[in-house]
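User: I am new to this structure and would like to know what stands behind the words used for it. Could you take me through them with care?

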Amino acid sequence: MKIMSRILLPVVLLAAMLMSTVSNAAAGELLIVSALSEDSIAAPGNRQPNYIVVSVTTADGTPLTGLTSANFKVDPMIVAPGGSLVNITDVRSGRLPGFYLIQTVPIRTETWKAGDYLFAVSVIQGMKHGQALARVTMN
């Protein structure tokens with residue numbers, strides 16, 4: 001009996017944790033966020049915008065529309081040597097529902113540096129939230 005309880009107790013605890021996680025996600029209304037970054041005009045030594053394209057849907061796949069710059073946060077978790085934090089300068093809705101184009105530039109008078117940047121992208125709308133990562137190589 002002791003062996004059986006030693007086996008069942010962890011299983012019951014794991015099941016309870018999973019149920020709690022699912023109910024918390026439902027209460028917080030999970031957003032599905034995907035992000036890609038492209039340095040089309042941003043380049044080492046300039047302050048042109050770096051583009052981050054973001055897709056935002058609800059948990060059931062419905063595109064989320066009507067978001068503004070206030071709904072997005074971008075943090076460069078990893079920057080090229082000598083790189084800096086960034087500011088969001090513009091957020092525009094894409095032609096397709098649920099897609100957004102975010103433009104970022106280095107803070108203050110900093111410029112882009114050659115190398116890799118890894119951006120954490122967070123989206124919050126009321127109780128709905130989601131996040132993703134985007135990588136770009138400045139060259």
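User: What share of the contacts in the protein with a separation of 6 or more comes from residues 24 or more positions apart?

Analyst: Residues 24 or more positions apart account for 59% of the contacts in the protein with a separation of 6 or more, where contact means heavy atoms within 4.5 Å. This is a predicted model, in which local features need pLDDT of at least 70 and side-chain atom pairs count only at pLDDT 80 or more, while totals for chains, interfaces and linings use all residues. Residues are numbered from 1 along each chain as its sequence is written, and side-chain values use heavy atoms, with hydrogens and water left out.

User: How many helices and strands are there, and what makes a run of residues count as one?

Analyst: The protein has 1 helix and 7 strands, and from the N terminus on its elements follow the order α-β-β-β-β-β-β-β. Both kinds are DSSP runs numbered from the N terminus, a helix being H or I over at least four residues and a strand being E over at least two.

User: Why is T104 called buried?

Analyst: Buried means under 20% relative accessible area, exposed over 50%, and partly exposed in between, with a 1.4 Å probe and protein chains only. T104, a residue of strand β5, has 0% relative accessibility and therefore counts as buried. Leaving aside neighbours within four places in sequence, T104 is in contact with Q48, P49, N50, I52, V74, V86, N87, I88, T89 and W112.

User: What makes T57 buried as well?

Analyst: The relative accessible area of T57 is 16%, so T57 is buried; its place is in strand β2. Apart from neighbours within four places in sequence, T57 is in contact with L31, I32, T62, P63 and L64, and although T57 and I32 are 25 residues apart in sequence, their C-alpha atoms are 5.2 Å apart in space.

User: Why do D60, G126 and M127 count as exposed?

Analyst: D60, in the loop between β2 and β3, reaches 62% relative accessibility and so counts as exposed. G126 is found in the loop between β6 and β7, and at 68% relative accessibility G126 is therefore exposed. M127 is also found in the loop between β6 and β7, and its relative accessible area of 56% is why M127 is exposed.

User: What is noted about the phi of R108?

Analyst: R108 has a positive phi of about 50 degrees although it is not a glycine. Most residues other than glycine have a negative phi. R108 is placed in the loop between β5 and β6, and with a relative accessible area of 61% R108 is exposed.

User: How many residues has the largest nonpolar core, and what makes it a core?

Analyst: A nonpolar core is a set of buried Ala, Val, Leu, Ile, Met, Phe, Trp, Tyr and Cys residues joined through side-chain atoms within 4.5 Å, and the largest one here has 25 residues, those with the most contacts inside it being I52, V54, V56, F72 and F119. At least two residues of this core are supplied by each of β1 (31-38), β2 (50-58), β3 (72-78), β4 (86-93), β5, β6 (115-125) and β7 (128-138). Not counting residues up to four places away in sequence, I52 touches several residues, among them L36, V74, Y100, F119 and A134. In soluble globular proteins, nonpolar side chains tend to be buried together. Of the 139 residues of the protein, 32% count as buried.

User: What is the volume of the largest pocket, and how do you know that it is a pocket?

Analyst: On a 1 Å grid over the protein atoms alone, a pocket is an open set of points where a 1.4 Å probe fits, with protein on both sides within 12 Å along at least five of seven lines, and lining residues have an atom within 4 Å of a point. The largest pocket has a volume of about 190 Å³, a volume being the space filled by probe spheres set on the points. Its lining consists of V53, S93, G94, R95, L96, F99, Y100 and L101, and strand β5 (residues 99-106) gives the largest share of that lining, 3 residues.
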